[in-house]
Each structure stands twice: as C-alpha cells, then as structure tokens.
Amino acid sequence: MTVHTTLGHLRALEAESIHILRETVAEFERPVMLYSIGKDSSVLLRLAQKAFHPAPIPFPLLHVDTTYKFREMIAFRDWYAREVGARLLVHTNAGAIADGTQPYAVGTQRCCALLKTRALLDALRAGGFDAAIGGARRDEERSRAKERIFSVRDADGQWDPRRQRPELWRLLNGRLRPGESIRVFPLSNWTELDVWHYIDAERIPVVPLYFAREREVIVRGSGLILAEQPFVPLRPGERAERVLCRMRSLGCSPCTGAIRSAADTVPRIIEELIATRVSERQLRIIDHDQDGSMELKKREGYF
C-alpha cells in the first residue's frame, strides 16, 4: 500500500467519523463521550476537535474509573483532557471499592459487572445522557462486529443484538422510545492498523505504555503482567523481572497483559502490527473468562 493510498483511505474514514459525531450532536440532547484513555479514545478526541472546530468539543468526556487502571493512564488522562480543553467527568463505583472489590477477590466477571458496567450505567443515568459515544471498533472482537453505528440500549442500558436496526446506505436512525438511549461508534469501520496510521499522520499523543521499554513484570506463561498492583498474588516460583515489552491494549492493570516487543515508536508499532496475526485483545483476561464473554457483558450494559 502506497503512502498516497493510505492517506486517502484515512481521510475517507476521518470524514465518515466526523459526519457521525456531527449527526450525534444534531440528533441528541445530552451526548457524552466515553473516555477510556487508550489509543482509540485519543483518535476520537482528535476527530471531535476537527468536527466542531473552531468551537470547543460540545460534550463532556466520561471516564469510568475502576481505580485499577495503570498509573500512567491516569496521569495521561488528566493532562490530555486539559490539553484539548475538554470537560472531564470521572465516575467510580465507590461502594464496591469500599467493599473490597478487585478481580482476585471476587473474580473478573463480578469485578467487571460492578466496577465497569454498574458504574457506567449509574454515571449515564446520573448525567441524563441519551447518547454515549465510544471508540469500539468492529475488528476488535466478534460481538463488537455485530454492533450498528447507532446502537440502541433499552431503558436499563442493556443491548439485545436481535433488536439491531438496519443502517442501509449509511443512513443512521436516531429515533428512540421513552427511556431508550444510544451507544455511538464513530470508529466502527476502522482497524487497529488504521488507528495507528492516523496517530502517525496526525501526531496524536498516546499513553507511553504503548511504546516498548524495559518494565518490571511477572512472567506468566506467554503473558506479562506489569508488577504495579500490590494484590496480584504470585504463584510458586514467580518473581518480578525486567522485560522489554509494551502494551497493545489498555485496561485494568491486573487483567491486561503486555507483549514482548521492541517497538518504541509509532512507525515501529505499525511495522509490528503488519506482521502479527493475533488479536490485540488476546491478553485481556475479561474477554476470556467465559465463552462469549464480551457479548454477555454488553447485554448487561458494558460498553
């Protein structure tokens, strides 16, 4: 693929995403952008800036903080929200945290249900938001491949894939029944490689965890767990050691593994991705805690 073709492809994706963002603001009364701090969120923010320039981004950012995100993610979140002039809302299920909820105490399913899904639904309801914009892509995971760009949630925030509405000729349907809301996915048609090409073309800042350097990790099979959460229990014979690695996907630190990599720049990450044949979410434990895990979580209200 030539550079010229790549840029043309990216500009077509960019135009589609900007159209979706403008449609969302035009059709809904209280949209909000879910800000996960990852690379897709950084791209979404740049698209939102372009969609409404020279006005500021016309909706707040909402980060559902489980309190178990990587420390570098939280530092980047606070800096980047200020940098782009966005209003940042942070919501935590404080009651569940006070009760000691963490993945090794209650299991990943229960932990996600309380700290992500319940917290998200409570935050959306408290804010009265009728449209939640997110950076999910269809190429990430099979249940996300089923989602429409405007994806309806019922009055309890839950998703039923049998109630998907057609989006023929790229026409988006924003009609809602009382109590319903919409999840909006402007990056649906992007791939992981598209995202990194766009980050490279636009010089978009991302969390430094994406770049390879030596880090202290616990080596567990083919997985590398960053040793920054004190409650991750060590198995017999395990100890923290220094490994050259990077994060390909960012989630909660106890549940997201790093990969061995020497890719320390965006062009090197792109080269690495072109050669890889495994999913970026292969090391996200929550995707594998049961068969069809992501779809079950989405039906309950998870993003």
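How far apart are the mean positions of the positive and negative charges of the protein chain? The mean positions of the 46 positive and 40 negative charges lie 1 Å apart. Lys and Arg count as positive and Asp and Glu as negative, whereas His and the chain ends are not counted. The place of a charge is NZ of Lys, CZ of Arg, CG of Asp or CD of Glu.

The structure is a predicted model in which local features need pLDDT of at least 70 and side-chain atom pairs count only at pLDDT 80 or more, while totals for chains, interfaces and linings use all residues. Residues are numbered from 1 along each chain as its sequence is written, and side-chain values use heavy atoms, with hydrogens and water left out.

**View 1. The whole protein chain.** The chain has 10 helices and 10 strands; helices (H or I, at least four residues) and strands (E, at least two) are DSSP runs, numbered from the N terminus. Its radius of gyration is 19 Å, close to the 19 Å given by the globule rule for 303 residues, so the chain is as compact as a globular protein of that length. This radius is taken over C-alpha atoms, and the rule is 2.2 Å times the number of residues to the power 0.38. The C-alpha trace spans about 55 × 50 × 35 Å along its principal axes. Of the 303 residues, 54% are buried (under 20% relative accessible area; exposed is over 50%, partly exposed in between; 1.4 Å probe, protein chains only). Among contacts (heavy atoms within 4.5 Å) with a separation of 6 or more, 75% join residues 24 or more positions apart.

**View 2. The nonpolar cores.** A nonpolar core is a set of buried Ala, Val, Leu, Ile, Met, Phe, Trp, Tyr and Cys residues joined through side-chain atoms within 4.5 Å. The largest has 57 residues, and Leu21, Met33, Val43 and Trp196 have the most contacts inside it. Helix H2 (residues 39-52) supplies the largest share of this core, 7 residues. Leaving aside neighbours within four places in sequence, Val43 is in contact with Leu187, Trp190, Val195, Tyr198, Ile199 and Ile204. Another core, of 13 residues, lies apart from the largest one and includes Leu34, Ala123, Leu124 and Phe185.

**View 3. Helix H8 and Glu202.** In helix H8 (residues 192-202), the buried residues are Glu192, Asp194, Val195, Trp196, Tyr198, Ile199 and Glu202. Glu202 counts as buried because its relative accessibility is 15%. Beyond its neighbours within four places in sequence, Glu202 is in contact with Arg11, Glu14, Arg46 and Lys50.

**View 4. Arg203, after helix H8.** Arg203 follows H8 and is found in the loop between H8 and strand E7 (213-220). Although Arg203 is not a glycine, its phi is positive, about 55°. With a relative accessible area of 62%, Arg203 is exposed.

**View 5. The cis peptide bond at Pro54.** The peptide bond from His53 to Pro54 is cis, with omega near 10°. Pro54 is placed in the loop between H2 and strand E2 (61-64).

**View 6. Trp169 in a loop.** Trp169 is found in the loop between strand E5 (150-153) and strand E6 (181-184). Its phi is near 50°, a positive value in a residue other than glycine. Trp169 counts as exposed, because its relative accessibility is 75%.
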